[in-house]
There are 2 protein chains.
Amino acid sequence: MSTEQRILEAALRIFASEGYTGATTRRIAEEANVAEVTLFRKFKSKENLLREVLLKNRAAFSSLDHLFQPEKDADIETDLRTLGKNVSKVMRENKEDGRRRMLMFMLFEEGRRRPEVAEILSSVFQMNITRLSEYFELQIKNGKMRNINPRSASITFISYFVYTSLVRGVFGDSFVGENDEEIERFIDIFTKGILKVDDVKTR
Amino acid sequence: MSTEQRILEAALRIFASEGYTGATTRRIAEEANVAEVTLFRKFKSKENLLREVLLKNRAAFSSLDHLFQPEKDADIETDLRTLGKNVSKVMRENKEDGRRRMLMFMLFEEGRRRPEVAEILSSVFQMNITRLSEYFELQIKNGKMRNINPRSASITFISYFVYTSLVRGVFGDSFVGENDEEIERFIDIFTKGILKVDDVKTR
DNA sequence: TTTAAATGTAAGTAATTACTTACTTACATT
DNA sequence: AATGTAAGTAAGTAATTACTTACATTTAAA
């Protein structure tokens with residue numbers, strides 16, 4: 001792994017966990033196992049490092065395509081259950097590949113303070129909503145879903161995972177219990193809310 | 001208004017918007033219109049000021065009781081619509097009484113970094129979930145709701161409002177459209193998901 | 001093996017931060 | 001008039017921060 005790469009990854013971790021102001025260049029350099037001066041050699045300034053971190057990692061934030069590959073024959077509930085588990089898994093990762101989670105933290109924290117952060121992440125962030133909306137639109141057209149606003153459905157769906165992930169960031173696993181079961185419950189509520197009444201499995 | 005009160009309110013605003021590290025005592029003093037030395041006279045340290053801000057304001061975070069007063073004759077959908085609008089209104093306030101929103105920001109940001117923040121806000125934060133769960137439990141017992149996990153329903157409900165509020169903090173109103181309409185849509189989806197099939201109004 | 005490039009070490013700069021100290025002013029109380 | 005209280009001003013301390021410079025060492029390339 002190149003020195004730049006090491007710095008970029010360390011910076012993402014520290015920015016996400018300490019916020020921009022709290023992330024000192026010294027701390028980032030330590031995390032990357034380089035001399036602080038090397039960081040400035042490679043990236044010139046802290047600001048620029050932040051920008052590069054975001055630009056280099058933004059793609060990870062629009063990875064719904066990767067996580068959501070509906071099968072032709074599966075029903076909506078199964079599709080969403082699979083997606084829910086994938087999203088949840090990805091949002092629980094706090095090691096190597098926890099980039100989505102880290103970017104989420106950065107978006108909601110620094111995105112409020114630094115317009116550039118919001119800008120860089122905005123389009124990829126919204127893409128997730130768009131992709132899911134498209135899926136819902138199709139299901140509505142195919143008569144499998146109620147005629148509801150697809151975007152609202154997407155927001156409802158995604159809000160659950162963002163929220164539980166944020167709360168987990170604060171309280172750990174004490175707040176949300178056994179994960180798969182919780183997701184099943186959410187999917188149950190959600191799908192009952194969006195499917196046509198005919199398709200609702202009576203319990 | 002007393003000098004202490006002015007400082008406490010200014011501190012809440014600045015801590016919420018800049019984060020703890022980003023909130024300088026100078027900035028807070030300016031906001032409160034006092035000399036910086038006065039801040040230290042009254043609160044001794046920045047840390048202590050943060051603690052006092054949280055302790056003095058935590059009650060505002062458990063205000064579901066205040067926002068949610070179900071009427072005896074109203075149905076669930078109406079109850080939740082009312083609650084949704086109240087919560088949303090409160091989460092949109094970014095002036096004087098925007099304490100809940102500010103505390104939410106602080107919980108999700110500083111709560112990750114400072115165990116004390118999480119601790120102080122934890123019980124009041126969870127009370128909201130508990131209150132709503134109790135309401136759902138009652139409705140289930142009264143046969144008005146499916147036999148689902150009340151806590152999961154509460155989390156689903158609250159996650160929508162937290163999420164939209166956070167997103168609004170980053171993107172303003174461009175992300176979520178006309179508010180009342182959006183809430184109606186969410187309530188529609190949500191109630192369809194939790195009510196007994198008999199009670200679902202066919203559309 | 002030699003040369004060039006990359007990186008480290010050490011020291012430093014200028015600005016900023018939480019906090020302190022000494023003195024002053026204005027008003028209230030004794 | 002003397003004293004106390006509350007808050008401001010100005011100056012300062014010690015530590016920290018982003019960043020720079022000069023030289024040394026290590027690594028990579030020729």
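With which residue does Arg146(A) form a salt bridge? In this predicted model, the partner of Arg146(A) is Asp188(B), and the closest N and O atoms of the pair are 3.2 Å apart. A salt bridge is here a side-chain nitrogen of Lys or Arg within 4 Å of a carboxyl oxygen of Asp or Glu. Side chains of opposite charge can pair when their charged atoms come close.

The model is predicted, and local features need pLDDT of at least 70, side-chain atom pairs count only at pLDDT 80 or more, and totals for chains, interfaces and linings use all residues. Residues are numbered from 1 along each chain as its sequence is written, chains are lettered from A and ligands numbered from 1 in the order in which they are written, and side-chain values use heavy atoms, with hydrogens and water left out.

The interface of chain A and chain B was examined next. In this interface, 50 residues of chain A are in contact with 50 residues of chain B, where contact means heavy atoms within 4.5 Å. The two chains bury about 4300 Å² between them, and 67% of this area is on carbon and sulfur atoms. Buried area is the accessible area (1.4 Å probe) that two parts lose on being put together, summed over both. Arg112(A), Tyr163(A) and Ile189(A) supply 17% of the area that chain A buries against chain B, more than any other three residues.

Six salt bridges are found across the interface of chain A and chain B. The interface also holds 14 residue pairs in polar contact, with both residues at pLDDT 80 or more. A polar contact is a pair of N or O atoms within 3.5 Å; within protein, one must be able to donate a hydrogen and the other to accept it, and residues adjacent in sequence count only if both atoms are side-chain atoms. On the side of chain A that touches chain B, the elements giving two or more residues are helix H1 (3-22), helix H7 (99-113), helix H8 (115-141), helix H9 (150-171) and helix H10 (179-194) of chain A. Helices (H or I, at least four residues) are DSSP runs, numbered from the N terminus, as are strands (E, at least two). The largest share of this side, 16 residues, comes from H9(A). By class, the side of chain A that touches chain B has 25 nonpolar, 14 polar and eleven charged residues. In this division, Ala, Val, Leu, Ile, Met, Phe, Trp, Tyr, Cys and Pro count as nonpolar, Asp, Glu, Lys and Arg as charged, and the others, Gly among them, as polar.

A salt bridge also joins the side chains of Asp188(A) and Arg146(B), at 3.2 Å from N to O. Asp188(A) lies in helix H10 of chain A and Arg146(B) in the loop between helix H8 (115-141) and helix H9 (150-171) of chain B, so the pair joins two chains. Asp188(A) and Arg146(B) are both buried; buried means under 20% relative accessible area, exposed over 50%, and partly exposed in between (1.4 Å probe, protein chains only).

Helix H10 of chain A also contains Glu182(A), which is buried at a relative accessible area of 7%. The side chains of Glu182(A) and Arg185(A) are joined by a polar contact of 2.7 Å. Apart from residues up to four places away in sequence, Glu182(A) touches Tyr160(A), Val176(A), Gly177(A) and Ser152(B).

Over all chains, the whole structure contains 40 salt bridges. One of these lies between Glu52(A) and Lys56(A), whose closest N and O atoms are 3.0 Å apart. These residues are four apart in helix H4 (residues 46-57) of chain A, and therefore about one helical turn separates them. Glu52(A) is partly exposed at 21% relative accessible area, whereas Lys56(A) is exposed at 51%.

Phosphate oxygens of DNA strand D lie 2.4 Å from a polar side-chain atom of Thr38(B) and 2.2 Å from a polar side-chain atom of Lys42(B).
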